[in-house]
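Please examine the structure shown below together with its sequence. This briefing then turns to its charged side chains.

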Amino acid sequence: MEAVATKWTLDPTHSEVQFKVKHLVISTVTGTFKQFQGEAETEGDDFENAKINFTLDVNSVDTNQEQRDAHLKSEDFFNAASFPEIKFQSTAFRKVGSSEYKLEGNLTIKDVTKPVTLDVEYGGSAVDFYGNTKAGFEVTGKINRKEFGLTWDGITEAGSIVVGEDIKLSINVQFAKQA
């Protein structure tokens, strides 16, 4: 008998997408994307080999500073007018420990798609007040922004780099099982 596919939908009210980047090499700027959506498809209730899709709305970027957010949306960085979404499509979701997984997939930023590998910690599943089954995950990883066409560089008069190349990702997501 074949396992039944289970659909899970991202619960945005219990999820967050954060990124961190070095600023002037001495401090870190944290930003979030406020609008995103995602879904997972699993065989039964086991998440191993799950198929995961995720989309971020570039225009929802928020670094707590309007001018910086506008710069990030401009052609110097994300070019939100031409490329309003960042997309992730999984190619593998492998269990590597009791609650640890490796999530592999293709990340598309602007018009560049590259394979990435992210670390995932499964927080478990629980039934909420309304009888809905939820599953929680913490996803972390690092990408080099220049590999995705985010090549803007600023150098201060003293020669300091304004924005680091490595972007640290920290994503906490809760999925709701669909009936």
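Asp 11, Asp 128 and Lys 134 are linked in a network of salt bridges, a salt bridge being a side-chain nitrogen of Lys or Arg within 4 Å of a carboxyl oxygen of Asp or Glu. The model is predicted: local features need pLDDT of at least 70, side-chain atom pairs count only at pLDDT 80 or more, and totals for chains, interfaces and linings use all residues. Residues are numbered from 1 along each chain as its sequence is written, and side-chain values use heavy atoms, with hydrogens and water left out.

**The network**

- Lys 134 is buried, as its relative accessible area is 14%; buried means under 20%, exposed over 50%, and partly exposed in between (1.4 Å probe, protein chains only).
- Asp 128, with a relative accessible area of 24%, is partly exposed.

**Other salt bridges**

- The structure holds seven salt bridges.
- One of them joins the side chains of Asp 62 and Lys 34, at 3.8 Å from N to O.
- Asp 62 belongs to strand E6 (residues 61-62), while Lys 34 sits in the loop between strand E3 (27-33) and strand E4 (36-43), so this pair ties together parts that are 28 residues apart in sequence. Strands (E, at least two residues) are DSSP runs, numbered from the N terminus.
- Asp 62 is partly exposed at 25% relative accessible area, whereas Lys 34 is exposed at 51%.
- Another salt bridge is formed by the side chains of Lys 102 and Asp 119, at 2.4 Å from N to O.
- Lys 102 lies in strand E8 (residues 100-109) and Asp 119 in strand E9 (residues 112-127), so the pair ties together parts that are 17 residues apart in sequence.
- Lys 102 counts as partly exposed at 26% relative accessibility, and Asp 119 also counts as partly exposed, at 35%.

**A positive surface patch**

- Lys 20, Lys 22, Lys 142 and Lys 168 form a positive surface patch.
- Patches are made of residues with over 30% relative accessible area and no salt bridge; like charges are joined within 9 Å, and nonpolar side chains (Val, Leu, Ile, Met, Phe, Trp, Tyr) within 5 Å.
- Lys and Arg count as positive, and the place of a Lys charge is taken as NZ.
- Lys 142 lies in strand E10 (residues 133-144) and counts as exposed because its relative accessibility is 53%.

Definitions and conventions:
Accessible areas come from the Shrake-Rupley method with a 1.4 Å probe; for residues, only the protein chains shown count as cover. Helices (H or I, at least four residues) and strands (E, at least two) are DSSP runs, numbered from the N terminus.
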